Amino acid sequence: MHFDENLIRSVVAQVLAEVGPMPAASNGKPAGGQHGIFYDAASAVTAARRAFEQLRERSLADRKQIIDIIRRISIEQCEELGLMEMEETKVGRPEHKIEKLRTLGELSPGVEFLETKCFSGDHGLAIIERAPFGVIGAITPVTHSLPTITGNAVSMIAGGNTVVVNPHPSGKRVAAEGVRRFNEAIAAEMGIDNIICVIAEPTLESANELFAHRDVALICVTGGPAVGRAALNSGKRAIVAGPGNPPVVVDETADFDNAARCIIQGASYDNNLLCIAEKEVFVVDSVFDKMMDAMRRAGAVQLNSEQIARLTSKAIVKVGDDKHDAACKDFIGRDASVLAEAAGVSVPSGTELVFGETDEHHPFVSVEQMMPFLPFVRARDVDHAIAMAKKYEHGFRHTAMIHSRNVHNMTKMGREMDTTLYVKNGPSMASLGLGGEGYLSFSIAGPTGEGVTTPATFTRERRCSMIDELRVV
Ligand code: NAD
C-alpha cells in the first residue's frame, strides 16, 4: 500500500489546524503543564511524581483501564497520528507508521506480565512481588517517536510507574500530541493527569537534567550508541535499547523463495528503520546466483556495481575526526525509488527494496544504514558467512537471521552470534510476535541484558516473608 503525499499533507494540515498552537503563557513562552506537556525536565518530573503518588493508591484493575485507554487511542487514531509522525519525521513509510501504532496498541504486554513468585516451606512463606520504581526517564528515537512512547508507556504504567519522555527533537511534535491525547483521556476517565509527561522542546541539556534528577528512579533509553553511553554514565540504573546492524546468512539448504520474501519484508519495513531490520546478507557462494534470482522474482530490484557506487557516493558520508563512514541523513528511511534515483535507475512504482552484490568491505555492510538498499556478499561456505555476520554485527549482540534447513548450521550461528534476537527462516519482525511467537516491544535492551522489554522490566523485586506460619498444608 502506498500513500499519496498530497493526501498525507492535507490530512495532517487538517489535524494540526484542529490541534492549534501550544498555549502561550503571559511571558510569551508556551505554558505547558497540562496533560503531560512540559518545557523543562524539573516541572515534568514533579508532575510525574505527583501522578505516581496517585497511581500507587490505585488497583491493578485501574492500571489495566489506564493502559486500555492508551491502547484504544493508539488503535483508533493510528491513521491520524501515524501520518502526523510521517509528516514531521519525514522518514519511513506512512502505511507502516500507522501499522506500528496499531500493533503496539494491540500487542504491547500489560499487567498480566507481572508474575508473583512464592516459596512455601517449614519456615512459612516468602512472596516475591514486582513493585514500581516510581518516575522513569525515557529517551525515544526519531525512527519511532510516538510508537516507542506508546509501547514504553503501556509497559511502564503496567509496572505501576509514571514516565517523563525526552523525545528526539525531530519527532517532538507528534510525541507531544500523542501524549496530550493519552493524558486528556486518562484524566477524564480515571482522574489522574500527567501519567506520561513529555518535554516539548527536548535538547541534550533536558535529557541530562532528566538523567540527573533525584526523583527519576530509572532510565530507559532507545537509540544509537551516544545516548546509550550517556545513560550508562549517568550514575543511575539504565535500561539501554541500543543500535544493531543485523546480518542475514543464507546457506545452500535454504528455501530461497521464502528467504527472499522474508528478507524483503524485513528490510523494507518502514524503509529499514527498525533496529532489528535485515541490514546485510551473506550467501554461500554455491547458491549465490540462485538467491539473487529469488530476490528479483520476489520483486526487489537489483543494482549493478556502477549503480551501487553512484548510490554509495551520495548515501554514505564521512563523519567525525576519524572520518568514518555513516549513513547520510537525506537518505535514511527514504523510499527505495529515491535510492534508485540516486543510483541513476528508475524502478517500477511500488518497488520496496533495491539490492546488489558488494564485497564485505563495502560501507553498506558495516554501517547501520537504515535504508531499503541491501548489500549481498558472497561467502565461501557457511562458516565464512557466519564469521562475516559476526564481524559486521560489531558485537552489538542485537539481532541476526539465518535461512537454512540445516539444524546444525542454525545452532552454530546462534551460539556464535550470541544476539538478543535470532530468527530462523522468517523476517526480522517475526521475532517480536509479528508473524512469530512472543510479544511486542520497540525497546529491545541488548547492552544491559533485559531483552525485549515488558512491564516486569520496569519493576523492582520485593520479598515479603511470613515466618513459621500460613503454610496451611
Ligand atoms: P539517536 O541515537 O540519534 O537518538 C536517540 C535519542 O537519543 C534521541 O532522543 C536523541 O535526541 C537522544 N540522544 C542522542 N545523543 C544523546 C546524548 N548524548 N545524550 C542524551 N540524549 C541523546 O538515534 P535515532 O536516529 O533517533 O534512532 C535510531 C537508532 O536507534 C539506531 O541506532 C537504532 O538501532 C536504535 N534503536 C534501537 C532500538 C532497540 O530497541 N534496541 C529501537 C529503536 C531504535
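**A guided walk through the model**

Visitor: Is D270 buried or exposed?
Guide: D270 has a relative accessibility of 0%. The cut-offs are under 20% relative accessible area for buried, over 50% for exposed and in between for partly exposed (1.4 Å probe, protein chains only). Therefore D270 counts as buried.

Visitor: What pLDDT do local features need, and what kind of model is this?
Guide: Residues are numbered from 1 along each chain as its sequence is written, and side-chain values use heavy atoms, leaving out hydrogens and water. Local features need pLDDT of at least 70, side-chain atom pairs count only at pLDDT 80 or more, totals for chains, interfaces and linings use all residues, and the model is predicted.

Visitor: What is the phi of D270?
Guide: D270 sits in the loop between α10 (256-268) and β10 (280-284). Helices (H or I, at least four residues) and strands (E, at least two) are DSSP runs, numbered from the N terminus. Most residues other than glycine have a negative phi. D270 is not a glycine, yet its phi is positive, near 50 degrees.

Visitor: How accessible is N425?
Guide: N425 is in the loop between β17 and β18. N425 is not a glycine, but has a positive phi of about 60 degrees. N425 counts as partly exposed, at a relative accessibility of 34%.

Visitor: How far apart are L432 and I444 in space?
Guide: L432 lies in the loop between β17 (421-424) and β18 (444-445). L432 is buried, at 4% relative accessible area. Beyond its neighbours within four places in sequence, L432 has contacts (heavy atoms within 4.5 Å) that include I276, Y439 and I444. L432 and I444 are 12 residues apart in sequence, and their C-alpha to C-alpha distance is 9.7 Å.

Visitor: Which side chain makes a polar contact with T222?
Guide: T222 belongs to strand β7 (residues 216-222) and is buried at 7% relative accessible area. A polar contact is a pair of N or O atoms within 3.5 Å; within protein, one must be able to donate a hydrogen and the other to accept it, and residues adjacent in sequence count only if both atoms are side-chain atoms. At 2.8 Å, T222 has such a partner in the side chain of S443.

Visitor: Where around α12 do its buried residues lie?
Guide: The buried residues of α12 (residues 305-315) are Q307, I308, L311, T312 and A315. They cover an arc of only 135 degrees around the axis, so they lie on the same side of α12. The arc is taken from the directions from the helix axis to the C-beta atoms. The place asked for, then, is the same side of α12.

Visitor: How are α3 and α7 set against each other?
Guide: Helix α3 (residues 60-76) packs on helix α7 (residues 172-190) at about 140 degrees, with axes 10 Å apart. Axes are lines fitted to C-alpha atoms, for helices over the stretch in contact, and angles run from 0 to 180 degrees between N-to-C directions. Under 35 degrees is roughly parallel, over 145 roughly antiparallel, 65 to 115 roughly perpendicular and the rest oblique. So α3 and α7 are oblique.

Visitor: What is the handedness of the α2 and α8 crossing?
Guide: A41, A42 and V45 in α2 meet S206, E209 and L210 in α8. A crossing is left-handed if the near helix is turned anticlockwise from the far one by less than a right angle, and right-handed if clockwise. The crossing of α2 and α8 is right-handed.
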